[in-house]
Amino acid sequence: MSASEVQRGSSTIESPHPSPHGTGRGFVPGRTLRQGAKVLPEHARGHNRSLLLQTLFHQGAMSRADLSRETGLTRVTISDLVAELISDGFVAEMGVREASGPGKPAILVDLDRAGHRIVGIDLSGSDSFIGAVLTLDGDIVARREVALPAPDAVVDSLVDLARSLVEDSHAPVLGIGVGTPGVVDDRGVILTAPNFGWAGFDLEGALQSALGLPVLVANDANAAVLAEYTFGGAGDDVLLVKVGRGVGSGLLAAGQPMRGSRFAAGEIGHVTVGTDGGPVCVCGKVGCLEAWLSVPSLSKRLGDATPAERDGVLRDAGERLGIALAPVVGALDLSEIVLSGPTELLDGPLAQATVETLRARTLAQFHDTVRVRMTAQGQDIVLRGAAVMVLSGQLGVS
């Protein structure tokens with residue numbers, strides 16, 4: 001076993017890309033997002049540091065004694081870690097707790113939520129790139145949008161956008177997260193993104209070299225599911241379907257992002273849904289899910305329909321989505337599907353038809369309670385997911 005791995009039960013914790021703060025790229029396969037227990041002494045420092053930050057991130061200010069009880073770490077270890085994190089600018093003392101009995105009031109500590117900012121960039125829009133400055137809590141404090149550039153100017157446009165956002169941050173930038181269409185490997189290399197003409201392009205490396213800051217790049221749907229997990233209250237087993245110009249999905253199983261053997265897990269848009277023909281897809285096949293469900297395709301069919309036919313068009317698209325998802329729900333025993341995209345298209349008849357199809361095509365005893373819901377993150381979901389990528393990769397927090 002290498003020094004970067006810890007075998008704990010049946011799980012392996014890896015740090016293949018150590019960050020300046022010693023936690024590594026935290027959202028890659030092989031590492032459960034949220035760690036909840038101590039590890040072996042030789043690997044404990046970085047893990048326990050992340051465990052402390054994770055506890056404060058989700059539970060808020062508490063005393064050192066509270067942290068010791070909550071994490072199972074000794075008070076000496078907690079005091080040492082808190083002192084280190086205060087020195088590094090990630091934790092701050094928040095004053096004393098109101099006295100509730102005899103003895104000296106406890107000093108509260110918390111994540112220094114105003115001490116750093118994160119830059120998130122979403123490349124999934126059909127006609128623009130959107131970037132934002134976010135707090136560590138995922139709140140957007142500044143936003144910029146630029147028109148979609150020519151293919152040979154994409155990287156320069158991204159660098160300019162990121163630099164302008166860094167200038168708007170007014171605090172040290174923890175890192176830059178980018179959510180992009182396409183198949184992206186675990187080092188931020190774009191294996192294929194036809195819309196940008198990228199194949200085997202190291203976008204993460206190019207941006208990091210130009211900007212001199214930590215950069216993390218992932219598929220936009222995979223970024224979105226992280227936002228739902230951290231900020232949207234999703235459980236450890238969730239599938240998020242992102243509907244826009246195309247159709248993709250992000251999946252967490254047992255709290256771990258699923259990427260697949262070739263990093264193409266979640267590429268459901270070109271799964272053929274049915275044997276009854278259907279619309280011709282941009283890929284050349286007939287009846288792909290994307291041809292039924294993408295925003296341009298669905299909007300066109302709705303535009304051609306009469307008001308009386310509208311619900312039927314939406315239900316037909318929802319049924320196709322249910323057909324594509326039923327084997328995934330059955331194989332992974334998922335209980336929740338989250339939809340991200342235009343509410344006026346996805347919520348209502350489409351979502352209801354998806355639920356009905358899922359229940360009809362899976363084992364009722366186990367999957368009758370499967371839930372399909374809209375995300376509450378709105379159109380900022382990829383930006384907020386990009387922030388989670390940075391939080392996880394740099395601090396071990398998600």
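Reader: Trp 198 first. Buried or exposed?

Author: Buried, because its relative accessibility is 9%. Buried means under 20% relative accessible area, exposed over 50%, and partly exposed in between, using a 1.4 Å probe and protein chains only. One caution: this is a predicted model, where local features need pLDDT of at least 70, side-chain atom pairs count only at pLDDT 80 or more, and totals for chains, interfaces and linings use all residues. Residues are numbered from 1 along each chain as its sequence is written, and side-chain values use heavy atoms, with hydrogens and water left out.

Reader: How many aromatic pairs are in the whole structure?

Author: The search finds 3. Rings of Phe, Tyr and Trp (its six-membered ring) pair if their centres lie within 6.5 Å; planes under 30 degrees apart are stacked, over 60 edge-to-face, the rest tilted. Phe 196 and Trp 198 make a tilted pair, with centres 4.7 Å apart and 45° between the planes.

Reader: And why is Trp 198 with Phe 201 called tilted?

Author: Because their planes sit at 35°, with the ring centres 5.4 Å apart. Phe 201 is partly exposed, at 24% relative accessible area.

Reader: Which residues form the aromatic cluster?

Author: Phe 129, Phe 196, Trp 198 and Phe 201 form one cluster.

Reader: Switching topic. Which ring does Arg 320 lie over?

Author: The face of Trp 292, at 4.0 Å from the ring centre. The rule is NZ of Lys or CZ of Arg within 6 Å of the ring centre and within 35 degrees of the ring normal. Arg 384 lies over the face of Phe 231, at 4.5 Å from the ring centre.

Reader: Now Ser 124. Where is it?

Author: In the loop between β6 (117-122) and β7 (128-134). Strands are DSSP runs of E, at least two residues, and helices are H or I, at least four, numbered from the N terminus. Ser 124 is buried, at 14% relative accessible area.

Reader: What polar contacts does its side chain make?

Author: One joins the side chain of Asp 122 at 2.6 Å. Another goes to the side chain of Lys 242, at 3.2 Å. That means N or O atoms within 3.5 Å; within protein, one must be able to donate a hydrogen and the other to accept it, and residues adjacent in sequence count only if both atoms are side-chain atoms.

Reader: Last one, Ser 340. What does it contact?

Author: Beyond neighbours within four places in sequence, its contacts include Lys 242, Leu 346 and Ile 381. Contact means heavy atoms within 4.5 Å. Ser 340 is in strand β17 (residues 336-340), and is buried at 5%.
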